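Please read the points below with the model open beside the text. Each point takes up one feature that can be located in the structure.

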Amino acid sequence: MSEFKLTPIEDMEAATQRLLETGAKVGADSWQMRVKNQTPHCKFGEQGICCRICAMGPCRITPKAPRGICGCDAHGIVGRNYLKFTAGGGATHSDHGREICNTLYHSEPGGAYQVKDPEKLKKLAKEWGVETEGKDIYDLAHEMALLGLEEYGKVFGYQRFLDRMPEGQKEKLIELELAPRAIDREVSASLHTTHMGCSSLPEQLVRQSIRMGMADGWGGSMAGTEFSDVMFGTPKPVDTEANLGVMVAENVNIIVHGHDPSLSEKVCDWAEDPEMLALAKSVGAKGITVSGVCCTSNEVAMRRGIPMAGNFLSQENVVLTGACEAIVVDVQCIFPALGPLSKCFHTKFITTSPIARMPDSEFIRFDAGTANEKAKQIVEMAVMNFKNRKPELVHIPQLKQKATVGYSVEAIVKTLDGVTNSQVDETGTTKPLLECITSGVIRGAVAMVGCNNPKVRPDYAHIELMKKLIANDIIVISSGCASQAAAKAGLMDKRAKDLCGAGLKRVCELADIPPVLHMGSCVDISRMMVLAATLAKDSGLQINQLPVVGCAPEWMSEKAVSIGNYVVGTGLDTFLGVDPYVEGSSEMQWWLTEGVRQWTGSAYTVEKDIEKLTDLMIERIEEKRAALGI
Ligand code: MSK
């Protein structure tokens, strides 16, 4: 086996620099240039104290003008902005989940979408009290899809998945008015709460923010994850590669970007089709390489081993290689900049969803009914574009690392079963993992999630935090763009075990796992909630007693705030490296970092110094251990 070495962040930055030189030659804009143009940022916006929710303003809070025209103070304004931000994120994730339910509803034998994991479907049906005996699997799929869709507008009651929580937690959440009702209701209630003349009390704005987040994490996102597994398969460990070096100069390169696996799965299917491969050869290419960016990358990597070209702030880099025939996107986290950028090269920028339409793109509307023909059209278009490549602009940085990805809860339970001699019942338990934690072999776990943000040196925080955590025997589970950061650096290579403390290294060796476990995309943070709930149930503890915390050091999107709220709402302390625009209100800061703890036993910590952030997480994990006497 070749010698293992992490890819230093400096090498990644040098590669980006080289790509930007190509960009400069063709007059391309870049996010690095736009950051300069936008700096310094508006202080009112940064602190969350600008209000434009009615037409009397906009109002800005200053020492001279401590209240808006309606009389709302900084705390109310910051709180309303925070809740609106959360509602944007919760709505987005949940709409993704709704689309997945809708696609499942249209699944059929031999059709574009099929049930690939019938066992998971039956397990979910059992969980929701749906009869499975003697039922055709597609009838069951449609029935479950419909029930999933009904969670969005249910008239009474709470999200079904809350029943996965340890005993008593759902009831406590109901009592505290933190339990999510219908998903759409929580979005509406949030926007109602923030309307002019409604809530301006930080306590209530934080309460509804948590409830909104919970509707995402234990509602829309969880449905998105579970029903994606039913249709596309529950992830299990699979080998892949990461970083721009996965693109192949001799091949047609198609980049899939966005979130919904319904599009990327079909593009991958067609890229493997003999007819398309023959077409690629006929235009002078050796083959077709599909690689991913952002969460779509996670989706297809964990189910099919499709390589990961990069994460959020790498999306322009894939075009700057000059070797990208098409960047195909669906929804969320797509830079509108890709339109003008692709015009500087031969790249086709293909948008596919009415939710995310952008200038300078070619729109090919994609839906369940026409998925196969549209995916074929997209792949064909990319292949035919190969001959338009400008060879003098082609430069693919030769950086890549091996990674093993696809650690769903089911895969973790199965894999870690080999670590100890515990007896595992037929449905599987997390007892082996718990034994590693209680014995101190592993000190705890950090769920590392989230995006890149130019406010933080891209990928640096993710990578440095992960390195320090694993060296301290803390296992990292990761999803979203944090995952590609880890994979690009090499932290998802099993050989990264040598960077761990003695305890975690032994677990990695025995279970044959990398120290950073890839759990999927941003909707898959719901998997982490299920894992935490299962750990709590298997140990007889509450979730907030576990030595487990969440962390998003480089987050940027509304979805990330919604996620943070459901991670805290679930009972896990959450550590952020970027402030969620609440610096302008001491009361909002208090509610988020302390007040909420009285409800859920967990709270936020915001710390921009990455070294300190790691130390605070380790400290919190050790505090939890001490409280348990382990
Ligand atoms: S894609 S939300 S940049 S993780 Fe899910 Fe990445 Fe953050 Fe988008």
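1. Domains. The structure discussed here is a predicted model. Its domain assignment divides the chain into domain 1 (67–232), domain 2 (244–393) and domain 3 (408–628). The centres of domain 1 and domain 2, taken over C-alpha atoms, are 30 Å apart. Between these two domains, 13 residues of domain 1 make contact with 14 residues of domain 2.

2. The ligand. Which domains give residues to the shell around the ligand? Domain 2 and domain 3 both do, and therefore the ligand lies between them. The shell has 13 residues, and the closest are His259, Cys295, Cys333, Cys451 and Cys481. By type, eight residues of the shell are nonpolar, four are polar and one is charged.

3. Length and start of helix H6. Helix H6 covers residues 137–150, which makes 14 residues. The N-terminal end of H6 is capped by aspartate 136, which places a side-chain oxygen 2.9 Å from the backbone nitrogen of tyrosine 138.

4. Buried residues of helix H6. The buried residues of this helix are Tyr138, Leu140, Ala141, Met144, Ala145, Leu147 and Gly148. An α-helix has 3.6 residues a turn, so residues three or four places apart point the same way. The reader may look for this spacing in the list just given. Among the elements that cover the buried residues of H6 are helix H4 (74–105), helix H5 (118–127) and helix H9 (202–232).

5. Glycine 76 in helix H4. Glycine 76 belongs to helix H4. Its relative accessibility is 0%, and it therefore counts as buried. Apart from neighbours within four places in sequence, glycine 76 is in contact with Ser200 and Leu205. The C-alpha atom of glycine 76 is also 9.1 Å from that of isoleucine 49, although the two residues are 27 residues apart along the chain.

6. Serine 264 in helix H10. Helix H10 spans residues 261–271 and contains serine 264. Is serine 264 buried or exposed? With a relative accessible area of 1%, serine 264 is buried, because the limit for that class is under 20%. When residues up to four places away in sequence are not counted, serine 264 touches Val256, Thr296 and Val300.

7. Cis peptide bonds. The bond from threonine 39 to proline 40 is cis, with omega near 0°. Proline 40 sits in the loop between helix H2 (31–38) and helix H3 (43–47). Glycine 57 and proline 58 are likewise joined by a cis peptide bond, with omega about 5°. Here the loop that holds proline 58 runs between strand E1 (50–51) and strand E2 (59–60).

8. Positive phi values. Glutamate 177 is not a glycine, yet its phi is positive, at about 60°. This residue lies in the loop between helix H7 (169–175) and helix H8 (183–193). Aspartate 473, also a residue other than glycine, has a positive phi near 65°. Glutamate 177 counts as partly exposed because its relative accessibility is 45%, whereas aspartate 473, at 15%, counts as buried.

Notes: Residues numbered from 1 in each chain as written. Predicted model: local features only at pLDDT ≥ 70, side-chain atom pairs only at ≥ 80, totals over all residues. Heavy atoms only, no water. Helix = DSSP H or I, 4+ residues; strand = E, 2+ residues; numbered from the N terminus. Expected span 1.5 Å × (residues − 1). Buried < 20%, exposed > 50% of the residue type's maximum accessible area, 1.4 Å probe, protein only. Contact = heavy atoms within 4.5 Å. Polar contact = N/O pair within 3.5 Å; in protein donor to acceptor, adjacent residues only side chain to side chain. Near = heavy atom within 4 Å. Nonpolar A, V, L, I, M, F, W, Y, C, P; charged D, E, K, R; others polar. Domains from an automatic or database assignment.
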